[in-house]
Amino acid sequence: TDEMLVVTVSAMVANGAIQYADGIKILEQAGLDTSKATEFLLSDLSKNSYREYLVNVAQSYTDDTAQSIRDILSRAEAQGWNKSQIETGLKNIMHTDDYRVTRLAVSEINRSQEMAGLDAMKQIESETGYQLVKVWTTTNPNACEFCKALSGQEVKLDSNFVPIHGIVNGVDGGVYVNDFVDMSTSQAHPNCTCATAYKVVK
């Protein structure tokens, strides 16, 4: 996780600077004074929070893989698989893991960029005294029913779109229980294409 943290922190710093500049433009377009704004600095709180999150992700990945291996071995024993069948079953897990690693990388890049954007907006809010809100934005027509249900939701920067153990009622009638982490940005699941927009509250 330390190697991944180094990569994601670099991405967070770069994206945070871009988001910070975008946040200043939001204020300027609203005719508000930005003279107290400085430049983006990734907070230690964000770094530590992201480190804890990555530990959870790594543990979840390890647990899922271990459970998949146990399932294959259990099935092999129950069905009397030979060595070749067991090898094939285990290789299939590794192919699945290749997909999961790619999905994980893409998802974590998106999440780290979203977290940096949120950190940038909190810094702007602190420096200027203007209140900003974040807006869940879903533009993908193929988005899942839960992301569609969240689209347009506005909350304060320090609030979560969906807290841990919170429930989202999907547009198609499904029910999602958030059992992983607080959703402070617009990232509901792996490969989520949603984004967080920001606006100033005068």
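**Chatting about strand β1**

Student: Hi! How many bridges join β1 to strand β2?
Tutor: Three bridges do that, and the two strands run antiparallel. β2 covers residues 154-156. Keep in mind that this is a predicted model.

Student: Okay, and which residue in β2 is the bridge partner of Val135?
Tutor: That would be Glu154.

Student: What about β5, how many bridges join β1 to that strand?
Tutor: Seven bridges link β1 with β5, which spans residues 195-201. Do these strands run parallel or antiparallel? They are antiparallel.

Student: Is β1 mostly covered or mostly open, then?
Tutor: Mostly covered: β1 runs over residues 131-137, and five of its seven residues are buried.

Student: Changing topic, what share of the protein's residues is buried?
Tutor: Of the 202 residues in the protein, 38% are buried.

Student: And how many helices and strands are there?
Tutor: You can find four helices and five strands. Along the sequence they follow the pattern α-α-α-β-α-β-β-β-β.

Student: Now contacts! Take those with a separation of 6 or more: what percentage comes from residues 24 or more positions apart?
Tutor: Such residues account for 67% of those contacts in the protein.

Student: Last one: what does the accessible surface come to?
Tutor: The protein has about 11400 Å² of accessible surface, and 53% of that belongs to carbon and sulfur atoms.

Conventions
Residues numbered from 1 in each chain as written. Predicted model: local features only at pLDDT ≥ 70, side-chain atom pairs only at ≥ 80, totals over all residues. Heavy atoms only, no water. Buried < 20%, exposed > 50% of the residue type's maximum accessible area, 1.4 Å probe, protein only. Contact = heavy atoms within 4.5 Å. Areas by Shrake-Rupley, 256 points an atom, 1.4 Å probe, with all protein chains shown as cover. Pairing = 2+ DSSP bridges.
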